[in-house]
Amino acid sequence: MEKWVCNLDETHVYKQVTKTGFCEKCEGILIKKETPGPIPPPDKEDIYDGDHGVGIFVFDLSGSMSDLTDPQSDSPLTKIQQVARAFSSTITTLLYGGGKELTAISQPDNYFLAIIGFSERAELFTINPLADMKQNNREMTFQYWENWILEKFEDFGNLTNITAGLEKARIIYDIALAKEPNRSDLMQNLPDNIKEYEDVLKKLDLNSQSITAGESMFRIPNIRVLIYSDGEHNVGDLKNPFKDRYLKAGLKSSEGTPTNGVMSIYFGSASDPGAEQMRSIAGYCPQHGGVGYIPISKLEHDKYLRDLLHLTSKATGFCLLCSNHKL
Ligand SMILES: [Zn+2]
Ligand SMILES: [Zn+2]
């Protein structure tokens with residue numbers, strides 16, 4: 001049976017998601033819970049002991065992102081402005097720190113961020129260490145990345161090809177996770193737009209962190225993917241290229257949702273068909289049983305958008321509940 005819980009109070013439980021996606025008893029947002037699947041045996045050795053982490057952002061840049069985030073409010077903020085602000089705030093926080101809750105990343109040279117945009121097509125815009133995203137100071141870093149996203153958004157297209165965005169992300173994901181000689185094989189036939197980043201991709205060398213699922217402890221490689229969209233996929237059939245990807249072989253919910261480090265956000269009402277599509281893409285959190293998905297349609301829930309961006313760029317979580325529990 002479906003079960004949705006409030007991120008602020010897990011005693012607020014719903015059999016189905018509310019129309020808005022938010023808790024009706026408090027300010028919380030609803031997280032889909034699934035039951036744990038069988039726990040796979042731990043690996044004999046840690047296979048990811050490199051230096052790096054990788055966050056892959058997949059941004060919907062279709063024209064409808066210029067619609068208002070919260071048309072019921074008086075705010076003129078558009079969805080793309082909200083994303084640009086949340087993204088630049090995340091980058092700034094990771095580089096400079098942001099109060100007691102959000103600390104700066106200790107080794108920004110070792111965290112690589114890839115940014116992919118999609119509409120009817122998808123493009124890898126950049127992949128670089130977080131340290132390279134720094135501008136002269138905090139304010140300039142914030143301004144730079146906010147403007148950068150808004151500029152990429154100009155005339156990028158109008159359709160929504162979620163599959164194309166995810167396929168680009170999976171190429172990077174697979175390369176980052178591959179060991180030689182598999183990695184060299186994967187590097188053989190890179191599409192043009194990814195080939196230009198070949199030198200960076202060759203350098204990726206993932207570290208991993210311990211997590212507990214049930215009684216077992218696993219090392220999970222530090223790679224996460226975050227995708228958001230504000231509409232239904234409308235270019236061919238929707239395919240999820242991450243549905244057979246795992247960060248630890250066999251780790252999944254009993255509903256079959258893999259722990260693959262994918263998180264998703266839907267901008268709009270939780271009862272839209274596009275919301276269910278985005279939810280179906282998200283991976284399973286073995287620590288909280290949550291699915292890494294949230295719907296956003298209110299300005300007040302901006303902080304959840306930032307929380308997920310933050311979890312992705314530090315590779316520290318799988319679902320929104322992870323940001324309460326500090327990994
Ligand atoms: Zn609640
Ligand atoms: Zn979690």
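The following legends describe close-up views of a predicted model of a protein chain.

**Figure 1. The protein chain as a whole.** The predicted chain contains 9 helices and 11 strands. Its C-alpha trace spans about 55 × 45 × 45 Å along the principal axes. Of the 327 residues, 47% are buried.

Figure 2. The strands follow the order 6-5-4-9-10-11, and their pairing is mixed. Strand 6 (122–129) and strand 11 (293–296) form the edges, each pairing on one side only. On average, neighbouring strands of this sheet are turned by 15 degrees against each other, direction ignored.

**Figure 3. Strand 4 and its two neighbours in the sheet.** Strand 4 (53–60) runs parallel to strand 5 (residues 111–118), to which 8 bridges join it. Within this pair, Val54 stands opposite Phe112 of strand 5. Strand 4 is also joined by 5 bridges to strand 9 (residues 223–229), and these two strands run parallel. Here Ile56 stands opposite Val225 of strand 9.

**Figure 4. The two faces of strand 4.** In a regular strand, side chains alternate between the two faces of the sheet. Gly53, Gly55, Phe57 and Phe59 lie on one side of strand 4, while Val54, Ile56, Val58 and Asp60 lie on the other. Both faces are covered, and the residues on each are all buried. Because 8 of the 8 residues of strand 4 are buried, the strand is largely enclosed by the rest of the structure.

Figure 5. Strand 5 (residues 111–118) and strand 6 run antiparallel and are joined by 7 bridges. One of the residues involved is Ile116, whose bridge partner in strand 6 is Leu124. Strand 6 pairs on one side only.

**Figure 6. The packing of helix 1 against helix 2.** Helix 1 (residues 79–96) and helix 2 (residues 138–153) pack at an angle of about 145 degrees, and their axes are 8 Å apart. The crossing of these helices is right-handed. Helix 1 contributes residues including Ile80, Val83, Phe87, Ile91 and Leu95 to the contact, and helix 2 contributes residues including Phe142, Trp145, Ile149, Leu150 and Phe153. By class, the contact has 12 nonpolar, 4 polar and 3 charged residues.

Figure 7. Leu61 is found in the loop between strand 4 and helix 1. This residue is buried, because 24 other C-beta atoms lie within 10 Å and the cut-off for a buried residue is 20 or more. Leaving aside residues up to four places away in sequence, Leu61 touches Gly117, Phe118, Ser119, Lys152, Phe153 and Phe156. Leu61 and Lys25, 36 residues apart in sequence, are separated by 34 Å from C-alpha to C-alpha.

**Figure 8. The loop that holds Asn137.** Asn137 lies in the loop between strand 6 and helix 2. With 10 other C-beta atoms within 10 Å, Asn137 is exposed, since the cut-off for an exposed residue is 12 or fewer. The C-alpha atoms of Asn137 and Thr92 are 9.2 Å apart, although 45 residues separate them along the chain. Thr92 is among the residues of helix 1 in contact with helix 2.

Notes:
Residues are numbered from 1 along each chain as its sequence is written. Chains are lettered from A and ligands numbered from 1 in the order in which they are written. This is a predicted model: local features need pLDDT of at least 70, side-chain atom pairs count only at pLDDT 80 or more; totals for chains, interfaces and linings use all residues. Two strands pair if DSSP finds at least two bridges between them. Helices (H or I, at least four residues) and strands (E, at least two) are DSSP runs, numbered from the N terminus. Axes are lines fitted to C-alpha atoms, for helices over the stretch in contact, and angles run from 0 to 180 degrees between N-to-C directions. A crossing is left-handed if the near helix is turned anticlockwise from the far one by less than a right angle, and right-handed if clockwise. Two residues are in contact if their C-beta atoms, placed from the backbone, lie within 7 Å. Ala, Val, Leu, Ile, Met, Phe, Trp, Tyr, Cys and Pro count as nonpolar, Asp, Glu, Lys and Arg as charged, and the others, Gly among them, as polar.
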